Amino acid sequence: MPALPLDEAGKYVAGAYVVLFTLVVVYIAIMAAKISRIERELTDLADLADKREPDEREPEIERDGEPVA
Amino acid sequence: MIRTARAILRKDLAIELRTKESVPAMTLFTVTVFVLFHFGLDRDSLDGELASGVLWVTLLLAAVIGVTRLFATEREQGGIDGLLLAPVDRTALWLAKATAMFVYLTALELVAVPTFGVLLLGPDLFAALPVLVPILLAANIGLSAIGALVSALAAETRARELIVPLLLLPLVVPLLIAAASATEPLLRGDQAAEDLGRWLGLLSLYDVVFVLIAVAVFDFLLDD
Amino acid sequence: MYSKGLKPLSIATVVVVATWLALVFFYAPLDADQGFVQKIFYVHVPLAIVALCGFVAGGIFAIRHLRSGDRSYDVKSYVAIHMSIIFGTAVLITGAIWAKAAWGHWWVWDEPVLVSFLVVFLLYCVYYPLRFSIEDPDRQARYSSVFAIAAGAFVPINFAAVRMAESFTHPRVLSQTGGSMPGEMRLTFLVGILAMTLLFVTLWKFELSSKNASMQLKRLRRRLEATA
């Protein structure tokens, strides 16, 4: 097949390089979703850890219901 | 190790002889597919590359059935745990299963190939047989080695029946290429074997590589 | 710490990719036969080479995993295969675009490398269902490694077989660009391989780092919820 004229060929070549670029950008988007999930998890866990701190000060009194001798 | 393999093999063959689950199903499937091809291609007789292709693709699809069932008895009756508790080399298990598969394939071909000769093949089958038989046997070795490995890989997964064909079929593409190309000139009118050495060479290479790989990695499968 | 060295690596990737693009469009001469369309060669072939090396690397990591029992090798193997599948998708799409532009069809069976690549790609696609249908994490890692090794060994055999098959019936069409390349084209091609390799390794490390972060988070959550 004879070589395509430049304007037609240009579309195909552009298409090929755009495919690569698109894939990389799609990958970035997926990673962005992952990072936001990680950020949410981390915040949740930080909250969880914060909540635990005050409870730990009074376990004996809470659990037994009897004054510690 | 050989003794263990032989024992497992004897058990498997005994079960197969008694229950007749794998080989008759594979054979019936093969003959049915030949009939399907007659209708699908709308042809009374095939020769050359078409004949070779139909024969080999059908054999491969039948092999998938056999491979899916290779570890069936162990799974259903929990026999694997007994085998694994004994201090045996896993490789013995692979050898037994691969040999069993080889026997099933050979038994299948004893019926399927003449059936193909009668139903679909144009040129005479007998003249092609002396060269066809070594090709079939060489292909069976590769199919059995890979089949036993794939069957073990898929044995513990939930989607077994789906995974086996998806894993097995791409892996046997080189084997198909070699076997079909070697068979093609045999099934033509002139029936002179061309480039047989090259294709048998590829088949042998495939067999050797995958037997080695299967033996090397099989130990890591089927652990608790 | 998988993200160690990620920043300099990314910078290197950007530099090399920019250089590569500049070379492709401003330096490499126009091909006599295919004209401007030949430029696709500089993205399609390096992608293919890097993807295949990625599959083989997945197999090598798998070997190290099975020999050492260290599960981090299995993760490296998994991510390498994952990246290669993504790159492989790009290979097949750019290959189809090239085929359409050069010969008028979206797919050609004449080109043994492209056909082999399709078979390898289909095989590796099964890695995901296999891996995720096994629940026990230790077994999942081991079986995935076994698959990665068998598939890795399969790649060269498959290429040899398909090449043998096609060379009998069809003349090799794409090889003219590979055979006698003028120096400028060769340089651009080599830079392309370097660019794609750096891109692969950067994304691979990026993915590993993210996976590790998720795993550490799971660990942390398990500990916090256990003692709460």
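At what angle do the axes of helix α3 (residues 71-103) of chain C and α4(C) cross? Select both helices and look down the pair. The axes cross at roughly 145° and come within 10 Å. This is a predicted model, so read every value here as computed from it.

**Stop 1: α3(C) against α4(C)**

Keep the pair on screen. The crossing of α3(C) past α4(C) is left-handed. Now show side chains. From α3(C), pick C:Ile81, C:Ser84, C:Ile85, C:Gly88, C:Val91, C:Leu92 and C:Gly95. From α4(C), pick C:Leu114, C:Phe117, C:Leu118, C:Phe121, C:Tyr124 and C:Cys125. Together these residues make the contact. Color them by class: ten are nonpolar, three are polar and none is charged.

**Stop 2: chain C against chain B**

Next, bring in chain B. The contact between chains C and B draws 24 residues from chain C and 25 residues from chain B. Select α6(C) next. Its 15 residues are the largest share of that side. By class, the chain C side has 20 nonpolar, two polar and two charged residues.

**Stop 3: chain B overall**

Chain B has ten helices and zero strands. Its elements, from the N terminus on, read α-α-α-α-α-α-α-α-α-α. Of its 224 residues, 48% are buried. Consider the contacts in chain B between residues at least 6 apart in sequence: 87% of these join residues at least 24 apart.

**Stop 4: α2(B) against α3(B)**

Select residues 22-41 and 48-68 of chain B, which are helices α2 and α3. Their axes come within 9 Å and cross at roughly 145°. Here α2(B) passes α3(B) in a right-handed crossing. Show the contact residues. On α2(B) they are B:Ser22, B:Ala25, B:Met26, B:Phe29, B:Thr30, B:Val33, B:Phe34 and B:Phe37. On α3(B) they are B:Val54, B:Thr58, B:Leu59, B:Leu61, B:Ala62, B:Ile65 and B:Gly66. The contact has eleven nonpolar residues, four polar ones and no charged ones.

**Stop 5: the largest nonpolar core**

Which residues have the most contacts inside the largest nonpolar core? They are B:Leu149, B:Leu153, B:Leu167, B:Leu168 and B:Ala178, in a core of 160 residues. Helix α7 (residues 125-155) of chain B gives the most to this core, 17 residues.

Center on B:Leu149. Leaving aside residues up to four places away in sequence, B:Leu149 touches B:Ala214, B:Phe218 and C:Ala150.

**Stop 6: α8(B)**

Move to residues 160-171 of chain B, helix α8. This helix has twelve residues. From first C-alpha to last, α8(B) reaches 17 Å, close to the 16 Å expected at 1.5 Å a residue. Now highlight its buried residues: B:Ile163, B:Val164, B:Leu167, B:Leu168, B:Leu169, B:Pro170 and B:Leu171. Two of them, B:Leu167 and B:Leu168, were on the list for the core.

**Stop 7: chain A**

Finish with chain A. How many helices does chain A have? There are two, with zero strands. Of its 69 residues, 7% count as buried. Select its contact with chain C: 24 residues come from chain A and 31 residues from chain C. The chain A side divides into 19 nonpolar, two polar and three charged residues.

How values were computed
Residues numbered from 1 in each chain as written. Chains lettered and ligands numbered in written order. Predicted model: local features only at pLDDT ≥ 70, side-chain atom pairs only at ≥ 80, totals over all residues. Contact = placed C-beta atoms within 7 Å. Helix = DSSP H or I, 4+ residues; strand = E, 2+ residues; numbered from the N terminus. Nonpolar A, V, L, I, M, F, W, Y, C, P; charged D, E, K, R; others polar. Core = buried A, V, L, I, M, F, W, Y, C linked by C-beta atoms within 7 Å. Buried ≥ 20, exposed ≤ 12 C-beta atoms within 10 Å, placed from the backbone. Expected span 1.5 Å × (residues − 1). Axes fitted to C-alpha atoms, helices over the stretch in contact; angles between N-to-C directions. Left-handed = near helix turned anticlockwise from the far one by under 90°.
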